[in-house]
Protein chains: 2
Amino acid sequence: MRKIRLLATAALLFAASLVTQAEQTHVLRLAETWGPNYPILGDATRNMAAMAEAMSGGRLQIRIDSSNRHKAPFGIFDMVKAGQYDMGHTASYYYKGKIPNAMYFTTVPFGMIAPEQYAWFYFGDGMALMEKVYAPHGLLSFPGGNTGNQMGGWFREEINSLEDLQGLKMRTPGFAGEVMAELGVAVTNIPPGELYTSLERGTIDALEWVGPALDFSMGFHQIADYYYSGWQEPGAEVQFLINQRVWERLPADLQEILRVAMRTAAYDMYIQSTHASGLAWSRMQEEYPNVQHRTFPPEVIDALRQTTDRLLLEASENDPLAQEIVRSQQAYLQQVRPWTNISDRAYLNTVAPSE
Amino acid sequence: MRKIRLLATAALLFAASLVTQAEQTHVLRLAETWGPNYPILGDATRNMAAMAEAMSGGRLQIRIDSSNRHKAPFGIFDMVKAGQYDMGHTASYYYKGKIPNAMYFTTVPFGMIAPEQYAWFYFGDGMALMEKVYAPHGLLSFPGGNTGNQMGGWFREEINSLEDLQGLKMRTPGFAGEVMAELGVAVTNIPPGELYTSLERGTIDALEWVGPALDFSMGFHQIADYYYSGWQEPGAEVQFLINQRVWERLPADLQEILRVAMRTAAYDMYIQSTHASGLAWSRMQEEYPNVQHRTFPPEVIDALRQTTDRLLLEASENDPLAQEIVRSQQAYLQQVRPWTNISDRAYLNTVAPSE
């Protein structure tokens, strides 16, 4: 009798342990740089979380905190490293002050466009090099979505020569700003909320934001006529960060679910950016006939490129890992770009030669 | 005593049922058009199957049969429809003889490039229109991987005018072949295994295959000097097919695992194509200095486009659904292409103006 009672208890405990094992829920807290309901960039985290939850039958749940909650849009790296959050969604180049080599994994001026860069990440050395940079911080990093090729900015006057850049007051942050400053541009940093008014009142003559999809709601096209193609962020990839201890605690199936959900959400963001940019640019052209597309003249492009190359060389000359990354990216670009040129570029030029 | 024994038995049965429910394995049989270990296209099915199995902890298994097993590379549609196979990996336009509207979901001459077409599928009307075509056959269809922009082909002599196409013996199958025939090309169909010899001996003057990644192992670059950029398949997407009854039998979590595994495998194939094409084209250029890249002259492109437009109009004029698809694709292209032109195209032209 006691034996059978023990058997029943054992069977129930066994059943319960199976339930626990199969149904145990892992809740990961994710901090994103973006504000709540931020289009495209915020859609990527929600898309990732929804896929992970549905694929795991609810066993993997991602709780997303936007910047209004955590108040540290550029502190994602620190918070995930310290374990305050399990995951983050941010851009690697925001952290170049702390880890200089992080900047190469977002985009590089005159570098690869989105499909080329994904090829470098997944079929070249990109993932391995990114691991070398993040592993010492106890972090895993994964591509988190691409904005597509970013525009060079909104200008109130045309840029026809290097001369036209002298003293031009322009808001353009980060590495692109450093390059522009070397060419004589008066680079200023103005909070996003004041950009429209600053441009309207002439406090600045030009600014760079993202591309049609995110520029549209800022309204710059209402007060600046010239929209220049870019050189500075040919394929800006944001990133997912995960604390390595959190990753290691997940069972193998949930690790793979998380990996694939992040990978798909990243690709999806690139495609959503393509869609939203197409839609916004076609609306701008229809509703604002003042808006005209321009490309920088060759002498400006040449000067931008020479300055970029010099600054990249200076940034990497005393850091072997930086050199390894820069050389890998340059070698990969040399391998893949001739293919891009004879495929999509030749096709686009051939089917609409006049543009 | 009997009560307790019953309780013990019930507990054990409960435990067993939990095991059954949680661990029940779904094995899906997939037929692919490609031969065994076929690069890129075959990698896509293996990548998908590996992700599905790992994400499901082994509960979802995909058994892949290549064409050497099922002997029906162009019978995938029929076999999945009839339930002989649960899934397929093939190209939609192979089945235009049976369902004429299938052809629009692979690629269209002078149509969208890969990221534009993914945007149409996932953020435009593409998926809904594809469902309209496949649902009456009890099938679900999903994008299954993109080859990237396909090349126009290998030519032994340069094409400088429409005149040069008269009587040119060329292997180019499908819709592109119909268009070429209208321009005076003597279109022939030759099995893949005889292509190299046919080109070498002058049985044909030119041929179209895929792009550097898959052309390289065929060796055409050893016997033809001119490699032309394409117009006929700007972003060829292959497809996954699933029998709808099979899909409906899967629990919700496995459906989502399968959907996401297919979606990621498709994107991954596009990126792998980019990588492999870059590698192969750079090897061809290094090792075979005879190989020269060309684009067709404007009068040839204009004639190809006018003929394409006329044949597409004829194919769709008595079919309202065909018209809906063609109009949707044309409207989407008009919306998205101006964005591609001011972003990637302008960037590629600006940073290397001479090419």
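Predicted model: local features only at pLDDT ≥ 70, side-chain atom pairs only at ≥ 80, totals over all residues.
**Notebook: sheet and domain interface in chain A**

I started with strand β1 (residues 26-32) of chain A, which six bridges join to β2(A), the two running parallel. Strands here are DSSP E runs of at least two residues and helices H or I runs of at least four, numbered from the N terminus; two strands pair if DSSP finds at least two bridges between them. Looking up L28(A), I found its bridge partner in β2(A) to be I62(A).

Residues are numbered from 1 along each chain as its sequence is written, chains are lettered from A and ligands numbered from 1 in the order written, and side-chain values use heavy atoms, without hydrogens and water.

Next I traced the whole sheet: five strands, open, mixed in pairing, in the order β2-β1-β3-β10-β4 (chain A). β2 (60-65) and β4 (139-146) of chain A each have a single partner strand, so one side of each lacks a neighbour in the sheet.

Then I turned to the domains, whose bounds come from an automatic or database assignment: domain 1 (26-147 + 235-275) and domain 2 (153-234 + 290-337) of chain A. I see 29 residues of domain 1 of chain A in contact (heavy atoms within 4.5 Å) with 29 of domain 2 of chain A.
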